[in-house]
Amino acid sequence: MSPLKRKKLSKIRFELDKLDNSLIKLIKKRTNLVKKVLALKEKKNQIVDQKRITLILKNIKSKSLKNKIDPKITHRIWKNMISAYIDFERRNFKKK
């Protein structure tokens, strides 16, 4: 790789790192909201709401297409995020 390309790569990676830092802050906010939702659930079987998951994924696909983002990327990201938060809720559920 040429020195010029290496420099360009370094700048792009720096921007990616800054973006990752912003994503971490958003994930923290999302986690705090999920904690509030979890506090309202009375039974463990309320953790997974398949209708809501389907709606979220449908909306993400629509927004992805509107924003010219490959919907396969966003679908996978959201599906993994939903799965991670379901796991989080199951591990943190403290009701009867």
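Here is a short tour, with something to select at each stop.

**Before you start**

What you see is a predicted model, where local features need pLDDT of at least 70 and side-chain atom pairs count only at pLDDT 80 or more, while totals for chains, interfaces and linings use all residues. Residues are numbered from 1 along each chain as its sequence is written, and side-chain values use heavy atoms, with hydrogens and water left out.

**Stop 1: helix α1**

Select residues 3-40, which make up helix α1. Helices here are DSSP runs (H or I, at least four residues), numbered from the N terminus. Now highlight Ile 12, Leu 16, Leu 19, Leu 23, Ile 24, Leu 26 and Ile 27: together they form a nonpolar surface patch with about 670 Å² of accessible area. A patch like this takes nonpolar side chains (Val, Leu, Ile, Met, Phe, Trp, Tyr) joined within 5 Å, from residues with over 30% relative accessible area and no salt bridge. Those areas come from the Shrake-Rupley method with a 1.4 Å probe, and for residues only the protein chains shown count as cover. Click on Leu 26, which is exposed at 52% relative accessible area. The cut-offs are: buried under 20%, exposed over 50%, partly exposed in between (1.4 Å probe, protein chains only).

**Stop 2: the salt bridges**

How many salt bridges does the structure hold? There are three, each one a side-chain nitrogen of Lys or Arg within 4 Å of a carboxyl oxygen of Asp or Glu.

- Lys 18 and Glu 15: their closest N and O atoms are 3.6 Å apart. Both sit in helix α1, three residues apart, or about one turn of the helix.
- Arg 91 and Asp 87: this pair meets at 2.9 Å, N to O. They are four residues apart in helix α3, so about one helical turn separates them.
- Glu 89 and Lys 41: here too the N to O distance is 2.9 Å. Glu 89 is in helix α3 and Lys 41 is in the loop between α1 and α2, so the pair ties together parts that are 48 residues apart in sequence. Both Glu 89 and Lys 41 are buried.

**Stop 3: the largest core**

Next, select Leu 38, Ile 47, Ile 53, Ile 56, Leu 57, Ile 60, Ile 82, Ile 86 and Phe 93, the nine residues of the largest nonpolar core. Helix α2 gives the most to this core, with four residues. A nonpolar core is a set of buried Ala, Val, Leu, Ile, Met, Phe, Trp, Tyr and Cys residues joined through side-chain atoms within 4.5 Å. Zoom in on Ile 86: not counting residues up to four places away in sequence, Ile 86 touches Ile 47, Val 48 and Ile 53. Touching means a contact, with heavy atoms within 4.5 Å.

**Stop 4**

Is Thr 74 buried or exposed? Its relative accessibility is 7%, so Thr 74 counts as buried. You'll find Thr 74 in helix α3 (residues 71-92), with a 2.5 Å polar contact between its side chain and that of Ser 64. A polar contact is a pair of N or O atoms within 3.5 Å; within protein, one must be able to donate a hydrogen and the other to accept it, and residues adjacent in sequence count only if both atoms are side-chain atoms.

Finish at Lys 68, in the loop between α2 (50-66) and α3. Lys 68 has a positive phi of about 60° although it is not a glycine.

Methods. Helix = DSSP H or I, 4+ residues; strand = E, 2+ residues; numbered from the N terminus. Patch = residues over 30% accessible without salt bridge, like charges linked within 9 Å, V, L, I, M, F, W, Y side chains within 5 Å.
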